[in-house]
Amino acid sequence: MDRQFLMEIMEINEKLAEAQSEAAMKEIESIVRAKQKAFTDNVSRAFEQDDFEEAKEILTKMRYFSNIEEKIKLKKIPL
């Protein structure tokens, strides 16, 4: 993973940990959805071009964002 990507993941996780309002949660959720959509488009393109190394890298990044999506869902569930 490149350093910039990992920093982005850390920042989003920090924002999520600090999020206290519904608006803050929705903002984070919106960012994550947009990233996942872009990754989905890019991975499709990589597979169409038989660029399996690129597809593998994108799928790994998608997994990080999927983990954040799970954290968002868990934070939304009232205890």
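These are my notebook entries on a predicted model of one protein chain.

**Entry 1: the overall layout**

I started by counting elements. The protein chain has 3 helices and 0 strands. Read from the N terminus, the order is α-α-α. I then looked up the extent of the chain: its C-alpha atoms fill a box of roughly 45 × 20 × 20 Å along the principal axes. Of the 79 residues in the chain, 25% are buried.

I also looked up how far apart in sequence the contacting residues are. Among contacts with a separation of 6 or more, 66% join residues 24 or more positions apart.

**Entry 2: the record**

I checked the UniProt annotation next. An unreviewed entry gives "domain: Co-chaperone HscB C-terminal oligomerisation" for residues 1–73. I noted that this comes from the record, and that such annotations may be inferred rather than shown by experiment. In the model, the span 1–73 is 89% helix and 0% strand, and its end C-alpha atoms lie 25 Å apart.

**Entry 3: helix α2**

I compared the span of α2 with what is expected. This helix has 27 residues and reaches 39 Å from its first C-alpha to its last, close to the 39 Å expected at 1.5 Å a residue.

Which residues of α2 are buried? I listed Met25, Ile28, Glu29, Val32, Gln36, Phe39, Val43 and Ala46. I recalled that an α-helix has 3.6 residues a turn, so residues three or four places apart point the same way. The buried residues of α2 pack against α1 and α3.

Just after α2 I found Asp50, which takes a positive phi of about 55 degrees.

**Entry 4: helix α3**

I made the same check on α3, residues 52–76. Its 25 residues should span 36 Å at 1.5 Å a residue, and the end C-alpha atoms are 36 Å apart, so the two values agree.

The buried residues here are Ala55, Ile58, Lys61, Met62, Phe65, Ile68 and Ile72. What covers them? The cover includes α1 (3–18) and α2 (22–48).

**Entry 5: the nonpolar core**

I looked for the largest nonpolar core and found 17 residues in it. Those with the most contacts inside this core are Ile28, Val32, Phe65, Ile68 and Ile72. The helices α1, α2 and α3 each supply at least two of the core residues.

**Entry 6: the aromatic rings**

I counted 5 aromatic pairs in the structure. One of them is Phe39 with Phe65, a tilted pair at 5.6 Å centre to centre, with 55 degrees between the planes. The pair links distant parts of the chain, since Phe39 is in helix α2 and Phe65 is in helix α3, 26 residues apart. Both Phe39 and Phe65 are buried.

I then asked which residues form one aromatic cluster. They are Phe5, Phe39, Tyr64 and Phe65.

I looked up the contacts of Phe65, leaving aside neighbours within four places in sequence. Phe65 is in contact with Phe5, Glu8, Ile9, Ile12, Val32, Lys35, Gln36 and Phe39.

Is Lys61 buried or exposed? Lys61 lies in helix α3. Its relative accessibility is 14%, and the cut-off for buried is under 20%, so Lys61 counts as buried. Apart from neighbours within four places in sequence, Lys61 is in contact with Met1, Asp2, Phe5 and Phe39. The charged end of Lys61 sits over the ring of Phe5, 5.2 Å from its centre.

I repeated the check for Glu29, which lies in helix α2. Not counting residues up to four places away in sequence, Glu29 touches Ile72 and Lys76.

**Entry 7: Asn13**

My last entry concerns Asn13, in helix α1. Leaving aside neighbours within four places in sequence, Asn13 is in contact with Ile68 and Lys71.

Notes. Residues are numbered from 1 along each chain as its sequence is written. This is a predicted model: local features need pLDDT of at least 70, side-chain atom pairs count only at pLDDT 80 or more; totals for chains, interfaces and linings use all residues. Side-chain values use heavy atoms; hydrogens and water are left out. Helices (H or I, at least four residues) and strands (E, at least two) are DSSP runs, numbered from the N terminus. The expected span of a helix is 1.5 Å times one less than its number of residues. Buried means under 20% relative accessible area, exposed over 50%, partly exposed in between (1.4 Å probe, protein chains only). Contact means heavy atoms within 4.5 Å. Rings of Phe, Tyr and Trp (its six-membered ring) pair if their centres lie within 6.5 Å; planes under 30 degrees apart count as stacked, over 60 as edge-to-face and the rest as tilted. A charge sits over a ring if NZ of Lys or CZ of Arg is within 6 Å of the ring centre and within 35 degrees of the ring normal. A nonpolar core is a set of buried Ala, Val, Leu, Ile, Met, Phe, Trp, Tyr and Cys residues joined through side-chain atoms within 4.5 Å.
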